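Dear colleague,

I am writing to hand over a structure that may be new to you. Please find it below, followed by an account of what was found in it.

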Amino acid sequence: MSRIGKEPIVVPEGIELTVEGKEVRVKGKLGELKETIKGNVEIKLEDGVLTVTRGSDHKDDRAMHGLYRSLVNNMIVGVSEGYKKDMELVGVGFRATSTGQQLDLSLGYSHNIIFQLPEEITVVTTSERGQNPTISLTSYDKQLLGQVAAKIRSMRKPEPYKGKGVRFVGEEIRRKAGKSAG
């Protein structure tokens with residue numbers, strides 16, 4: 001049995017969770033999420049405890065067992081506490097400003113990049129003297145937050161020689177040595 005899939009999920013107070021057939025809806029103070037369960041996986045809610053079981057030991061069912069338990073758990077944590085990703089811009093002249101749902105990035109290209117954020121995500125940019133500019137993304141949807149953060153990072157990935165680019169806070173960049181004098 002899946003070590004992750006067999007763990008029960010205790011639904012905290014203030015979270016409204018409904019299971020209708022193969023659809024799970026989670027509603028909390030930060031928002032509402034839904035997930036459709038595919039495959040031979042059953043979800044049962046009894047006395048505030050959610051359990052995920054699989055119908056057989058087929059390879060696909062075993063794979064989906066832990067996956068859907070993690071997805072439902074991430075939905076519950078998201079609508080109750082939320083998720084946050086912090087990114088920093090390393091490089092001379094790199095800047096980030098935000099107005100509403102638009103993120104304006106100056107990453108060393110000829111023009112600024114204007115990135116439209118989904119309405120589920122809130123952004124805060126900070127720029128202090130002597131520090132790298134930072135972008136803080138918060139959302140209740142973990143999957144969407146990771147996807148948007150990866151898209152922002154892909155606009156100027158950190159390069160291995162000087163480490164310039166957009167990176168996550170605390171991310172280790174493998175550095176390469178430059179040319180060796182011959």
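A charge is counted as sitting over a ring if NZ of Lys or CZ of Arg is within 6 Å of the ring centre and within 35 degrees of the ring normal. Please note that this is a predicted model.

Lys85 lies over the face of Phe168, at 5.5 Å from the ring centre. Arg156 has its charged end over the ring of Tyr109, 4.2 Å from the centre of that ring. How many aromatic pairs does a search of the whole structure find? The search finds zero.

I turn next to the sheet. Three strands form an open sheet in the order S2-S3-S4, and their pairing is antiparallel. The edge strands, each pairing on one side only, are S2 (16–20) and S4 (32–36). From one strand to the next, the twist averages 10°.

Strands S2 and S3 run antiparallel and are joined by five bridges. Glu20 has Glu23 in S3 as its bridge partner. S2 and S3 form a hairpin with two residues between them, and Gly21, in the turn, has a positive phi of about 65°.

Strand S3, residues 23–27, is also antiparallel to S4, with five bridges joining the two. Here Arg25 has Lys34 in S4 as its bridge partner.

Finally, which helix lies across S2, S3 and S4? Helix H1, residues 59–80, lies across these strands and runs at about 170° to S4.

Yours sincerely

How values were computed. Residues numbered from 1 in each chain as written. Predicted model: local features only at pLDDT ≥ 70, side-chain atom pairs only at ≥ 80, totals over all residues. Heavy atoms only, no water. Phe/Tyr/Trp six-rings, centres within 6.5 Å; stacked < 30°, edge-to-face > 60°. Pairing = 2+ DSSP bridges. Helix = DSSP H or I, 4+ residues; strand = E, 2+ residues; numbered from the N terminus. Axes fitted to C-alpha atoms, helices over the stretch in contact; angles between N-to-C directions. Contact = heavy atoms within 4.5 Å.
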